[in-house]
Amino acid sequence: QVQLVESGGGLVQAGGSLRLSCAASGSGFSINAMGWYRQGSGKQRELVALITSGGSTNYADSVKGRFTISRDSAKNTVYLQMNSLKPEDTAVYYCKAYYLYSGLSYSYWGQGTQVTVSS
C-alpha cells in the first residue's frame with residue numbers, strides 16, 4: 001500500500017539546523033495527514049509535528065517556534081525543518097502517514113532517522 005522513505009538525520013551542534021524528509025510511495029492511496037514523531041533514549045515516542053491534507057499544522061510545545069513542518073502534495077513528501085536545535089532534541093525521528101486505501105483508514109510508520117544534537 002504505502003512505503004515511507006525518510007532522510008536527513010545526522011549529527012549537529014546545538015543551535016544548528018537539520019531538515020528531515022519523508023516521501024510516501026505506492027498506489028491507490030490518498031494521504032490524510034503526515035506527521036513526525038520522535039523517541040529519545042528511555043523515553044516514549046511523542047508527536048513532534050503534524051500536517052493535514054488541508055494544510056493545518058500541529059506542534060509539540062517543546063518545538064514551537066523552532067521546527068516547521070511542510071509538505072509537497074504532488075510528491076507525497078513531508079519535511080521537518082528543525083532550527084535552533086537543542087541537545088534534548090536528540091532522538092530517533094519517525095515519519096507517520098495517515099491515509100485512505102480502498103475506503104479504509106490506515107497509518108504507517110517510517111523506519112526512523114537518528115538526530116543527534118551535541119552540546
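Is cysteine 22 buried or exposed? What we have on screen is a predicted model, where local features need pLDDT of at least 70 and side-chain atom pairs count only at pLDDT 80 or more, while totals for chains, interfaces and linings use all residues. Residues are numbered from 1 along each chain as its sequence is written, and side-chain values use heavy atoms, with hydrogens and water left out.

Okay, back to the cysteine. Cysteine 22 counts as buried, because its relative accessibility is 0%. When I say buried I mean under 20% relative accessible area; exposed is over 50%, and partly exposed is in between, with a 1.4 Å probe and protein chains only.

What does cysteine 22 pair up with? A disulfide joins cysteine 22 to cysteine 95, at 2.1 Å from S to S. For us, a disulfide is a pair of cysteine sulfur atoms within 2.5 Å. Searching the whole structure turns up one disulfide. The pair links distant parts of the chain, 73 residues apart: cysteine 22 is in strand β3, residues 18-26, and cysteine 95 is in strand β9, residues 91-101. Strands here are DSSP runs of E, at least two residues, and helices are runs of H or I, at least four residues, numbered from the N terminus. The link is left-handed, with -80 degrees about the S-S bond. Cysteine 95 is buried as well, since its relative accessible area is 0%.

Let's zoom out. How many helices and strands are there? The protein has zero helices and 11 strands. As for overall dimensions, the C-alpha atoms fill a box of roughly 45 × 25 × 20 Å, taken along the principal axes. The radius of gyration is 14 Å, which agrees with the value near 14 Å for a compact globule, because the protein has 119 residues. That radius is taken over C-alpha atoms, and the globule rule is 2.2 Å times the number of residues to the power 0.38.

Of the 119 residues, 39% count as buried. The protein exposes about 6,100 Å², and carbon and sulfur atoms supply 47% of that; these areas come from the Shrake-Rupley method with a 1.4 Å probe, and for residues only the protein chains shown count as cover. Looking at contacts with a separation of 6 or more, residues 24 or more positions apart account for 54% of them. Contact means heavy atoms within 4.5 Å.

What does tyrosine 94 touch? Not counting residues up to four places away in sequence, its contacts include Glu6, Trp36, Tyr37, Arg45 and Trp109. Take the glutamate: tyrosine 94 and glutamate 6 are 88 residues apart in sequence, and 7.9 Å apart in space, C-alpha to C-alpha.

Back over to strand β3, where alanine 23 lies. Alanine 23 counts as partly exposed, because its relative accessibility is 29%. Setting aside residues up to four places away in sequence, alanine 23 touches Gln3, Leu4, Val5, Asn76 and Thr77. Between alanine 23 and valine 48, 25 residues apart in sequence, the C-alpha to C-alpha distance is 17 Å.

Aspartate 72 is another one to click on. Aspartate 72 lies in strand β7, and it is partly exposed, with a relative accessible area of 25%. Aside from neighbours within four places in sequence, aspartate 72 is in contact with Thr77 and Tyr79.

Now for some loops. Asparagine 76 sits in the loop between β7, residues 67-72, and β8, residues 77-82. Asparagine 76 is not a glycine, yet it has a positive phi of about 50 degrees, and at 26% relative accessibility it is partly exposed. Serine 84, in the loop between β8 and β9, also has a positive phi of about 50 degrees without being a glycine. Serine 84 is partly exposed, at 40%.

Last stop: where is serine 102? Serine 102 lies in the loop between β9 and β10, residues 104-109. Serine 102 counts as exposed, because its relative accessible area is 64%. From serine 102 to valine 12 is 42 Å, C-alpha to C-alpha, and the two are 90 residues apart in sequence.
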